[in-house]
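Here are a few exercises on charged pairs and helix packing. Have your viewer ready and try each task before reading its solution.

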Amino acid sequence: MHTSTDGALPLLRLMHLVSPGLPVGGFTYSQGIEWAVETGWIRDADDLERWMADQIGSSLRYLDIPLLVRMQAAALDRDQAALAGWVDRLLAGRETAELRREESDRGRALADLLVAWGLEDALGWKPQLARSQAAGFAFAAASWRIEPSEAATGYAWSWLENLVLAGIKLVPLGQTRGQQTLARLATLIPSTVAVALGVADEEIGASTPALAIASSAHETQYTRLFRS
């Protein structure tokens, strides 16, 4: 019996994109968790879960994912101007120099990788893709014909896994407790993606004051494991 494998390829490509082994440096950032632990805002697994759930329900739902799907649509339409506009919007939503630098540093690394993979037009689009890792993710998802909802789910999972693993190191948490936290938080992703896909242009935006304070303070934290 002949079985087609073509349908499995987008899923495999998405797994590649969200893999913690992808060399874009996500594991080197804590997005303020390191300072939040030092100052006592995050003391245990319950605190970490609340910290992450708040961001899932705000910035991920109303900023990151809505802009990601628009970037993917721009890439599908081969509209660099539209992509640039959405990247501008995302960078404006990054509330600290640290968060903006992370976005661009990881963007440059992913843009280099997309060119190395030989994705069509990646070299010509590189100046825009290098500004934001979300843009590179969206471009790859468009190139590989990954469904926008699946790309958004994978993007959210990758973000969540990286930061929970940072929390496991910093709080610190045992691996089992950390994985329990990750499993519970993962249940929030499907509904978050569903809402995010329906967010209108004028509704895009989020404010996360605690994250902004923690990220700003982390830039000058005396001892750090994670990059600023």
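Buried means under 20% relative accessible area, exposed means over 50%, and partly exposed covers the values in between. Please keep in mind that this is a predicted model.

**Exercise 1.** Find the salt bridge of aspartate 121 and say whether aspartate 121 is buried, exposed or partly exposed.

*Solution.*
- Step 1: the side chain of aspartate 121 meets that of arginine 78 in a salt bridge, with 3.0 Å from N to O.
- Step 2: this pair links distant parts of the chain, 43 residues apart, with aspartate 121 in the loop between α5 (97–117) and α6 (122–129) and arginine 78 in the loop between α3 (45–76) and α4 (80–93).
- Step 3: the relative accessible area of aspartate 121 is 35%, so aspartate 121 is partly exposed. Arginine 78, at 34%, is also partly exposed.
- For context, the structure holds 14 salt bridges.

**Exercise 2.** Work out how arginine 101 and aspartate 105 are placed along helix α5, then classify the accessibility of each residue.

*Solution.*
- Step 1: the closest N and O atoms of arginine 101 and aspartate 105 are 3.4 Å apart, and the two residues form a salt bridge.
- Step 2: because they are four residues apart in helix α5, about one helical turn separates them.
- Step 3: arginine 101 has 46% relative accessibility and counts as partly exposed, whereas aspartate 105 is buried at 14%.
- Step 4: shared partners join Arg101, Asp105, Arg108 and Arg227 into one salt-bridge network.

**Exercise 3.** Which helices does the salt bridge between lysine 126 and aspartate 112 tie together?

*Solution.*
- Step 1: the two side chains meet at 2.6 Å, N to O.
- Step 2: lysine 126 lies in helix α6 and aspartate 112 in helix α5, so the pair ties together parts 14 residues apart in sequence.
- Step 3: both ends are partly exposed, lysine 126 at 28% and aspartate 112 at 40%.

**Exercise 4.** Describe how helices α8 and α9 cross and what kinds of residues make up their contact.

*Solution.*
- Step 1: the axes of α8 (residues 148–170) and α9 (residues 175–186) come within 10 Å and cross at roughly 150°.
- Step 2: angles over 145 degrees count as roughly antiparallel, so α8 is roughly antiparallel to α9.
- Step 3: the crossing of α8 and α9 is right-handed.
- Step 4: the contact includes Trp157, Leu160 and Glu161 of α8, and Gln175, Gly178 and Leu182 of α9.
- Step 5: the contact residues divide into eight nonpolar, three polar and one charged.

Key. Residues numbered from 1 in each chain as written. Predicted model: local features only at pLDDT ≥ 70, side-chain atom pairs only at ≥ 80, totals over all residues. Heavy atoms only, no water. Salt bridge = Lys/Arg side-chain N within 4 Å of Asp/Glu carboxyl O. Helix = DSSP H or I, 4+ residues; strand = E, 2+ residues; numbered from the N terminus. Buried < 20%, exposed > 50% of the residue type's maximum accessible area, 1.4 Å probe, protein only. Axes fitted to C-alpha atoms, helices over the stretch in contact; angles between N-to-C directions. Parallel < 35°, antiparallel > 145°, perpendicular 65-115°, else oblique. Left-handed = near helix turned anticlockwise from the far one by under 90°. Contact = heavy atoms within 4.5 Å. Nonpolar A, V, L, I, M, F, W, Y, C, P; charged D, E, K, R; others polar.
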